[in-house]
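Hi there,

Here is the structure I promised to pass on to you.

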Amino acid sequence: MEKRKVPALDFTISPIALGCMSLKGNLKEDQKIIDKAIAGGIDFLDTADLYQKGLNEEIVGAAIKDRRKDVILATKVGNQLRADGSGWDWNPSKAYILKAVEESLKRLQTDYIDIYQLHGGTLEDPWDETLEAFETLKSQGKIRAFGISSIRPNVIRKVLGMSSPATIMMQYNPLDRRPEETAFPLIAESDARVLVRGTLAKGLLINKSAEPFLEYTAAEVIEIRELIANSGLLPEAFLIRFCLLQPAVGSLVIGASSVEQVEKMIFAYKQHEMISDELIREMATKIPLNYYKQHR
């Protein structure tokens, strides 16, 4: 896969990242999934300290420990697990971030994280100290870059006005075109780029049973799925092309829970290169735009 340059990063990333949240939680099986992804050019792995209460990071760390420098590793922070195991609480404080990174580094069996992301965010967060924590970690060499995971335009606008995040993770696909209104244009003018989650819309535009999605009814989801199917394009390839066409997008974080799913992802990426931008734009005119109603 041809690597992509993100202005705020001093390293390149693959256009597809493996979303590790979908891993099974079994090292032997997950090792095969990660191996297949890396062999196919997907050497960008995205996890989080919250996934499987840290087990996900442990598995990713074990799977790549002998080739750490061959992959780009991203993880997330901000959701603090409760000691009694009853859930988690949002904690974007500097003290917590500086503590949590040490635990993630240990689980990942590495001494640095390529992209450390805040796993959420609101306008009410203590952004001065949160961003200071990331800058401290960069100066210490424990992270190479930082980002945020947020779909809120008002939060994205605030953070871009205060600092220089390298990445912003948000959902985007033909059923969720909300970022096109203000978030994508704003990010495209900055040095940050979007890490897209939800590229495949939970499989609803491929082969999953139709169900409502945002303001779309199940019947409307079927209509859009049929529009894609009738084009003669492989649905996965269409969705990859649809998302990567956006100038603000840096990479698509796509989950996989089997080697077969990784193989299909790699095949779809190869197919997407044969789809013209003009065809995608023409089909996009037939898919309704939707807009953020909150956090604008």
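Let me begin at helix α7, which spans residues 218-230 and contains Glu 226. Please keep in mind throughout that this is a predicted model.

Now to the aromatic rings. Searching the whole structure gives 5 aromatic pairs. One of them is Tyr 172 with Phe 184: the ring centres are 4.8 Å apart and the planes meet at 70°, so this pair is edge-to-face. Tyr 172 sits in the loop between β10 (167-171) and α6 (183-188), while Phe 184 belongs to helix α6, so the pair links distant parts of the chain, 12 residues apart. Tyr 172 and Phe 184 are both buried.

Tyr 172 also pairs with Phe 242, and here the rings are stacked, with 5.6 Å from centre to centre and 25° between the planes. Because Phe 242 lies in helix α8 (residues 235-244) and Tyr 172 in the loop between β10 and α6, this pair ties together parts that are 70 residues apart in sequence. Phe 242, like Tyr 172, is buried.

Which residues make up the aromatic cluster around these pairs? Tyr 172, Phe 184, Phe 238 and Phe 242 form one cluster.

How values were computed
Residues numbered from 1 in each chain as written. Predicted model: local features only at pLDDT ≥ 70, side-chain atom pairs only at ≥ 80, totals over all residues. Heavy atoms only, no water. Helix = DSSP H or I, 4+ residues; strand = E, 2+ residues; numbered from the N terminus. Phe/Tyr/Trp six-rings, centres within 6.5 Å; stacked < 30°, edge-to-face > 60°. Buried < 20%, exposed > 50% of the residue type's maximum accessible area, 1.4 Å probe, protein only.
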